[in-house]
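Please read it with the structure open.

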Amino acid sequence: MPAGKPTAELIAAIATAPGRGGIGVVRLSGAKLAGLAEILCGVVPVPRHATLVGFYAADRSLIDRGLTLFFPGPNSFTGEDVLELHGHGGNTVLQLLLQRCVELGARIAEPGEFTKRAFLNDKIDLAQAESVADLIDASTAEAARSAVRSLTGEFSSEIETLVEALIELRMLVEAALDFPEDEIDFPAGADALARLDTIRARLRRVLAQANQGALLREGLQVVLIGQPNVGKSSLLNRLAGEEVAIVTPVPGTTRDSVRQQIEINGIPLHIIDTAGLRETNDEVERVGIDRTWMAVHKSSVALLVVDLTRGVGQAERVILEQLPAFLQVLTVGNKMDLLDYEPAPAAANEIRVSAKTGQGMDALRSRLLEAAGWRPLGEGVFMARQRHLEALESAQSHLLSAAREGARWELFAEELRLAQAALSTITGEYTSDDLLGDIFSRFCIGK
């Protein structure tokens, strides 16, 4: 058994979730891990084969028994040697195993450092790296599928195709500008603008797909507001499919916000049931009403719940006047089951339901998807973050400016360059170290 420790910097972390489990994994990445494995396990593991071994402390006492997997670099996730130690999933035994790795020269990995090394070693691009975290955090099956599409490179491929088209057009335009005396095969003005139109059309499709992916990732914040006892909590329970909020005939039962995530066609919606909005001398209820207004200002959509037996009155009009301008508002007339007459047709921004019987709920769900901006695009949706949307919108703006410049080719070429630079930030070609640190710091330890 060789003496000493590997000299290159190694990182190690527990790669499985905290808590008890059948299996726990300690992951290492760095150089010369075969030597560390021989010290720790007593054998040099066969690359890419699961080997049953013992994990030994410095005094050769047994820490645990389990499987080891060795992936020599560069053919590994990080591009370096990677060693995985699969032991029993107890926190204490995993901490002992991790401490032994530290004794042998490793240091504790920073959040996201394994994926960061994969990016820095050109195993994945930045968009793929971010999709690793998105896949872990996916709250719906559709979000997970979209994250997988980004992880396998579909999003990056679309961006690369756009960048390549921009480079080709820039090359023709800038060559003609730099060497006007030479006979360069420069496209006529109409041809250059036609190429630009093709690029802009493709970018619009990618931006539409990215917007849908961002919705899958972030979801939609929906707040239920209205007078006490109009059925907000009953509506939340009906949307959630379970009794998550207390329902009583007593006005003011809901004193604090009740939050519940639901899923509609794979889209996560974060529903907030709030205290009824009314004048009150009850100190506790007044605090709840203050929190209602805080929730309103953090939401994208408000459902103003109205008791259909009373209709929209002065109290509801007062609420509507106080709502922020950016908020989408949909009036939900509740308690249809109590009507003994045929009401007049609903207004464009109104939908009628019975939270008690479920009548009208499918229509309400469809309206919520419309409010979210969801437009099913089939298998083309991929996960996207706010920075991706900003980069795509910036590129779109520069391409629009290029189209406006027409035959002013110097300015045309500059707008193309700026569009390319914006798109390249998505995959990481133009990225600051500060941005990388911010992105990878949001990862879990061991990933």
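**Notes on the model**

1. Arg404 is exposed, its relative accessible area being 64% (exposed means over 50%, buried under 20% and partly exposed in between, with a 1.4 Å probe and protein chains only). This residue lies in helix α12, which spans residues 386–405, and its C-alpha atom is separated by 9.9 Å from that of Leu193, 211 residues away along the chain.

2. The model is a predicted one, in which local features need pLDDT of at least 70 and side-chain atom pairs count only at pLDDT 80 or more, while totals for chains, interfaces and linings use all residues. Residues are numbered from 1 along each chain as its sequence is written, and side-chain values use heavy atoms, leaving out hydrogens and water.

3. The protein has 14 helices and twelve strands (DSSP runs, of H or I with at least four residues for helices and of E with at least two for strands, numbered from the N terminus). Of its 447 residues, 47% are buried.

4. Helices α4 (residues 126–137) and α5 (residues 141–151) pack with their axes 8 Å apart, at an angle of about 160 degrees, and are therefore roughly antiparallel to each other (angles over 145 degrees count as such, on a scale from 0 to 180 between N-to-C directions). Their contact (heavy atoms within 4.5 Å) involves Gln128, Ser131, Val132, Asp134 and Leu135 of α4, together with Ala144, Ala147, Val148, Ser150 and Leu151 of α5.

5. Among contacts in the protein with a separation of 6 or more, 67% come from residues 24 or more positions apart.

Terms used. Parallel < 35°, antiparallel > 145°, perpendicular 65-115°, else oblique.
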